[in-house]
Amino acid sequence: MKCPICHGPLKGEAYCPNCGQAITYEGIKQTYSDITLVPSEVKKWNWGAFTFNIFWGIGNKTYLPLLCLIPYFNLIWIFVCGFKGNEWAWKSGNYSVNDIEKFLMIQNTWNRGGLAKFIIGLIGTILIFILYGMLFAYLMGFYYY
């Protein structure tokens, strides 16, 4: 680390030994993994945590999404994963204030994949209902021409 004024070497002192400038270590990584402070940019919905909850949790080293393996409880917990997923990933990933862009880039990849899976699943579900309706109508003798 170098002094911002005289560019002399620093070894963790509060003042530069060369010029006497007070040093604030704003540029040094301050990890927030054990602290409850999560940047506001991180606190938003995560489609990856919602749709890929178990795999997302393992990939982000946060294991609360594994509770989605509990039957019936998972119907509620997937929404909790969507709401709180980014915060859990931030806290478990040893990210710092300087890493917000990197974190958001990683989570945006999960978001795109999760949203795509959600839309494809929704379209598939609608198509299945339409096909079952057509099959039921056919079997009951109703023909639509």
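Two residues are taken to be in contact when heavy atoms lie within 4.5 Å. By this criterion, residues 24 or more positions apart account for 54% of the contacts in the protein with a separation of 6 or more. The structure is a predicted model, in which local features need pLDDT of at least 70 and side-chain atom pairs count only at pLDDT 80 or more, while totals for chains, interfaces and linings use all residues. Residues are numbered from 1 along each chain as its sequence is written, and side-chain values use heavy atoms, with hydrogens and water left out.

Secondary structure was assigned from DSSP runs, numbered from the N terminus, with helices (H or I) of at least four residues and strands (E) of at least two. The protein has four helices and zero strands, and its elements follow the order α-α-α-α from the N terminus on. Burial was classified by relative accessible area, with buried meaning under 20%, exposed over 50%, and partly exposed in between (1.4 Å probe, protein chains only). Of the 145 residues in the protein, 28% are buried. Accessible areas come from the Shrake-Rupley method with a 1.4 Å probe, and for residues only the protein chains shown count as cover. The protein exposes about 10,200 Å², of which carbon and sulfur atoms supply 68%.

A nonpolar core is defined as a set of buried Ala, Val, Leu, Ile, Met, Phe, Trp, Tyr and Cys residues joined through side-chain atoms within 4.5 Å. The largest such core holds 14 residues, and Val42, Trp77, Cys81, Trp90 and Phe103 touch the most other members. Helices α3 (74–92) and α4 (100–139) each supply at least two residues of this core. The largest contribution comes from α3, with five residues. When neighbours within four places in sequence are left aside, Trp77 contacts Leu64, Pro65, Leu67, Cys68 and Trp88.

Aromatic rings of Phe, Tyr and Trp (its six-membered ring) were paired if their centres lie within 6.5 Å, with planes under 30 degrees apart counted as stacked, over 60 as edge-to-face and the rest as tilted. The structure holds 11 aromatic pairs. One of them, formed by Trp45 and Phe83, is edge-to-face, with 4.7 Å centre to centre and 75° between the planes. This pair links distant parts of the chain, as Trp45 belongs to the segment before α1 (47–51) and Phe83 to helix α3, 38 residues apart. Trp45 is partly exposed at 24% relative accessibility, whereas Phe83 is exposed, with a relative accessible area of 55%. Both residues belong to one aromatic cluster, formed by Trp45, Trp47, Phe50, Phe79, Phe83 and Phe118.

Side chains of opposite charge can pair when their charged atoms come close. A salt bridge was assigned where a side-chain nitrogen of Lys or Arg lies within 4 Å of a carboxyl oxygen of Asp or Glu. By this rule, the count comes to one salt bridge. The side chains of Glu87 and Lys84 meet in a salt bridge, at 3.2 Å from N to O. Both residues lie in helix α3, three residues apart, about one turn of the helix. Glu87 is buried at 13% relative accessibility, and Lys84 is partly exposed at 34%.

The loop between α2 (53–59) and α3 includes Lys61, Asn60 and Tyr72. Asn60 is buried, with a relative accessible area of 9%. Not counting residues up to four places away in sequence, Asn60 touches Ala89, Ser92, Gln107 and Trp110. Most residues other than glycine have a negative phi. Lys61, although not a glycine, has a positive phi of about 55°, and Tyr72 likewise has a positive phi, near 70°. Lys61 is exposed, with a relative accessible area of 58%, and Tyr72 is exposed at 71%.

A nonpolar patch is formed by Leu115, Phe118, Ile119, Leu122, Ile123, Ile126, Leu127, Ile130, Leu131 and Met134, with about 910 Å² of accessible area together. Leu115 lies in helix α4 and is partly exposed at 33% relative accessibility.

Terms used:
Patches are made of residues with over 30% relative accessible area and no salt bridge: like charges are joined within 9 Å, nonpolar side chains (Val, Leu, Ile, Met, Phe, Trp, Tyr) within 5 Å.
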